[in-house]
Amino acid sequence: MTDEHEHYEAVVVGAGPGGAAAAATLARNDIETLVLERGVDAGSKNVSGGLIYAEESSPYTIDDLFPDFREEATDRPVTDHYIHNVAGDKVKTFDLGGVHHHDTEWADSVLRRKMDSWLAQRVHEMTRETGGGLLTEVRVNGLMREGGEIVGVTCDEIDPIKADVVIAADGVNSELARDAGLQDWEEPEEWFQGVKAVVDLPDGAIEDRFDVDEGEGVAHLFSGDLFEGARGGGFLYTNEESLSIGTVFHLDSIAEERYEPQDLLDNLLTHPLLAQWLGDEYDEREYSAKLVPDSKKVAHPSPHRDRLLLVGDAAGQMQAQGPIIKGMNHAVTAGALAAEAFVDAKLRNNTDEAGQRYEQKLETEGVMDKLKPTRYKTLGKLGEAGPIASLTNSLADSALGRAGIKLLGDRTERLYNSPFLLGMLPDTRMGYVTVPTVIAEQLGERVDDENTIETPELDDRIGDLTYDIDEGNPHIELRDNSFEASGAAVTACPVSAKDFGGGCYRDEYVQTNGTEEHVVSLDTQPCVECGTCAVVADTDWTHPEGGKGVEYNQG
């Protein structure tokens, strides 16, 4: 009897940097490789801040695998990094060059549609030579099993496919990781939510306004009281002729306090400090959002099961330690190591060992120690315990704490540039809000500029996005529509808001059998597929079918 299913040596799910790195490494080793991407084009479903790094200690960097990458796929080299501690209109700026140049070969700003599309073209050319290729508009909806063992994938648009290895690079909302029981959406404190605006600038404005030479760029980070107490911060990265400006917050902080993400983003955009960079005219190209895994809590120590190997966000491999925010470079390293592990296992005629070999490579190459530092597990996590967090926060805001900051003065900058200290920083209000606010109050200077821009309303931001709506086939369903179970989504969803009738989630009071109930309704048409509601509401959440839903042109 012949097997009725199509078979490839390797199937890679997702054509982002992790998937591209895996596919390129497989193809270079003559492994028959099929890449499946659910967007109409690689990058059309992807969002990042984004800076992509090449670390000196990494066994693989993206330009190792794709030599023309920096010239063809990135926007600007970023050599200068700053963090702005904000308290009202007072700001104290620190140079973060020390920590960002540590172990860094280079760092470039990128927009995902441009970058991923370029990578996908190279990957398609390489994998076609092995008898595979890249297919877009295909949603992989689950894992194919035989006798309880994972042997391939199932899809919405095409028949199931068997493979000797499945490398899941399908992002933070990986349905394959959840199908395998390797990730879940249970705890909001394990996730960040990022919201971003790509802002258009006139030709030459970046060089003039940021005082950089042509082809050079800069990164700015923001923390303190301009985000209403939410635990997180903001960023600004210079692209070729645009800015990526966004905010990243712990999801539990947003959900518990009922912050609205677009309002927090606007707090940053309209702050006087940004007037010097934004000018008088504000033209927003695109609004976007995504979840970000906190690797300290969710990076899987054994990201594999049977023939399935997870890389990148699907494995929780996103390093966020204070101002250190790195994800795409770790996805590249993991993708290449996963492919290398399969090649090694095949050479030994035992492909079942690929997962264990991949796990060992993550450890021996130092990837896991970057994602989950031992010092955080022993000290940082302790600082997040309720009584300790409350005590340290109160101390930082006390007269003693303020005197200490004033005494340290500009020497405080050294602490911000210590990778060791940042690796054990607890995820509490103290580090994100209280200390930066005190620093600005004690050491900062007032910003006299006037910011006159007007940011778009939420309905305009939604309306400017591109959608191919899957009529009559919603990809999210509410299991419990009570406000108690799902009401947090009304404010936490980046395309919803209280008293806004045009978003995904809306709350209302309805009369039922003579009693009034507070309930939530859902409309998936304006969904940006960030996955926020899967964590903070009681839903059945899946991706839309291939090519359907939101399509990002910037990313």
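A surface patch is made of residues with over 30% relative accessible area and no salt bridge, and nonpolar side chains are joined into one within 5 Å. In this predicted model, Leu-408, Leu-415, Phe-420 and Leu-421 form such a nonpolar patch, with about 340 Å² of accessible area together. The salt bridges come to a count of 40, and a negative surface patch is formed by residues including Asp-80 and Glu-241.

**Surface patches**

- Leu-421, one of the members of the nonpolar patch, lies in helix H19, which spans residues 419–422. Its relative accessibility is 34%, so Leu-421 counts as partly exposed.
- The negative patch consists of Asp-80, Asp-95, Asp-203, Asp-211, Asp-213, Glu-214, Glu-216 and Glu-241.
- Within that negative patch, Glu-214 is placed in the loop between helix H7 (205–210) and strand S12 (217–224). Glu-214 is exposed because its relative accessible area is 74%, where the cut-off for exposed is over 50%.

**Salt bridges**

- Asp-200 and Arg-285 meet through their side chains in a salt bridge, at 2.8 Å from N to O. Asp-200 belongs to strand S11 (residues 191–200) and Arg-285 to strand S15 (residues 283–293), so this pair ties together parts that are 85 residues apart in sequence.
- Because Arg-461 lies in helix H21 (residues 458–463) and Glu-284 in strand S15, the pair ties together parts that are 177 residues apart in sequence. Arg-461 and Glu-284 are both buried.
- Between Asp-540 and Arg-479, the closest N and O atoms of the salt bridge are 2.6 Å apart. Asp-540 is in strand S25 (residues 539–541), while Arg-479 is in the loop between strand S22 (476–478) and helix H22 (483–486), so the pair ties together parts that are 61 residues apart in sequence.
- Asp-540 is partly exposed, with a relative accessible area of 39%, whereas Arg-479 is exposed, with a relative accessible area of 52%.
- One network, joined by salt bridges that share partners, contains Asp-294, Lys-296, Lys-297, Glu-384 and Asp-427.

- Thr-247 is part of strand S14, which covers residues 242–250. With a relative accessibility of 1%, Thr-247 counts as buried, the cut-off for buried being under 20%.
- Leaving aside residues up to four places away in sequence, Thr-247 touches Gln-193, Gly-194, Val-195, Phe-227, Gly-233, Gly-234, Phe-235, Leu-264, Leu-265 and Leu-268.

**Helix H13**

- In helix H13 (residues 354–364), the buried residues are Ala-354, Gly-355, Arg-357, Tyr-358, Glu-359, Lys-361 and Leu-362.
- An α-helix has 3.6 residues a turn, so residues three or four places apart point the same way.
- After H13 comes Gly-366, with a positive phi near 85 degrees.

**Backbone features**

- Most residues other than glycine have a negative phi, and most peptide bonds are trans.
- Gly-49 and Gly-50 are joined by a cis peptide bond, with omega at about -10 degrees. Gly-50 lies in the loop between strand S2 (33–36) and strand S3 (51–55).
- Asp-103 is not a glycine, yet its phi is positive, at about 60 degrees. Asp-103 is located in the loop between helix H4 (97–101) and strand S6 (104–109) and is buried, with a relative accessible area of 18%.
- Asn-513, likewise not a glycine, has a positive phi of about 50 degrees. The loop that holds Asn-513 runs between strand S23 (505–512) and strand S24 (515–522), and Asn-513 is exposed there, with a relative accessible area of 80%.

Key
Residues are numbered from 1 along each chain as its sequence is written. This is a predicted model: local features need pLDDT of at least 70, side-chain atom pairs count only at pLDDT 80 or more; totals for chains, interfaces and linings use all residues. Side-chain values use heavy atoms; hydrogens and water are left out. Helices (H or I, at least four residues) and strands (E, at least two) are DSSP runs, numbered from the N terminus. Buried means under 20% relative accessible area, exposed over 50%, partly exposed in between (1.4 Å probe, protein chains only). Contact means heavy atoms within 4.5 Å. A salt bridge is a side-chain nitrogen of Lys or Arg within 4 Å of a carboxyl oxygen of Asp or Glu. Patches are made of residues with over 30% relative accessible area and no salt bridge: like charges are joined within 9 Å, nonpolar side chains (Val, Leu, Ile, Met, Phe, Trp, Tyr) within 5 Å. Accessible areas come from the Shrake-Rupley method with a 1.4 Å probe; for residues, only the protein chains shown count as cover. Lys and Arg count as positive and Asp and Glu as negative; His and the chain ends are not counted. The place of a charge is taken as NZ of Lys, CZ of Arg, CG of Asp or CD of Glu.
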